[in-house]
Amino acid sequence: MLEWIKNNHTILQILISFATLGIWIFYAQILLAQHRRTRRPKILINQTRGRSLHSRFLVSNMSLESVHIEVILVGLHNDDDETWYLVSDWEPTRDDNCADTNDYGTFQGPLAAGSSLDIGDIKGLISQRHAEERDQENHTSNASIVTKDGIACSAFEIMVVGVYSSEKGVIGASRTFDIDKYGHVHPRDAETGQCRSRNERRRMQELHRRYL
């Protein structure tokens, strides 16, 4: 055995070098993946204060750095119909003094790491936006989606679009909530979806261009 090792020590050294290189590449890939994961932006959209149309929604920034919120959109889904509303510059009504709009009456702006933004309740957001659009001359929205007493849709989606320092273009997250026949609101998925795939980013960018 020793004689064989002595005769083939050059080949063994090459094999050992390649094995060592492979191990270093493996650990480098792990470290790089961890670094990318920690640098990725992460936005959460959570429902609080009950499961009704008056439940409030929080947008939380779980990234390492601040996220600049560009727009916040709400999409109402009813069968095959889909109607989107821009709610970024919504001003709270008199009976809603908890929404975290800034001094300019908007949700747009930087959201610090670890901070949350109260955007209000879905019924208030949509009802006000619908009333504003209804007064416009060229209003073409489906009036049957929003009623005086509530929201006549089967589900709605909240989408947050922003800018993050380490990411090219816009970043975002969305979460869909279902409304049952009793008017109870429940999140469809267990966690907020981060818009990272090509199709998700294309859809987000199209909505962003439409409402920016």
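**Close-up 1. Strands E1 and E2 pair in the antiparallel sense.** E1 covers residues 43–48, and E2 covers residues 56–61. Six bridges join them; pairing requires that DSSP finds at least two bridges between two strands. Asn46 stands opposite Leu58 in E2. Strands (E, at least two residues) and helices (H or I, at least four) are DSSP runs, numbered from the N terminus. This is a predicted model: local features need pLDDT of at least 70, side-chain atom pairs count only at pLDDT 80 or more, and totals for chains, interfaces and linings use all residues. Residues are numbered from 1 along each chain as its sequence is written, and side-chain values use heavy atoms, without hydrogens and water.

**Close-up 2. Side chains alternate along E1.** Ile43, Ile45 and Gln47 point to one face and are buried (under 20% relative accessible area; exposed is over 50%, partly exposed in between; 1.4 Å probe, protein chains only).

**Close-up 3. Arg49 sits in the loop between E1 and E2.** Its phi is near 60°, a positive value in a residue other than glycine. Arg49 has 62% relative accessibility, so it counts as exposed.

Close-up 4. Arg201, Met204, Leu207 and His208 are its buried residues. Strands E3 (67–78), E4 (81–86), E7 (155–163) and E8 (170–179) are among what covers them. The face turned away carries exposed Arg198, Asn199, Arg209 and Arg210.

Key
Contact means heavy atoms within 4.5 Å.
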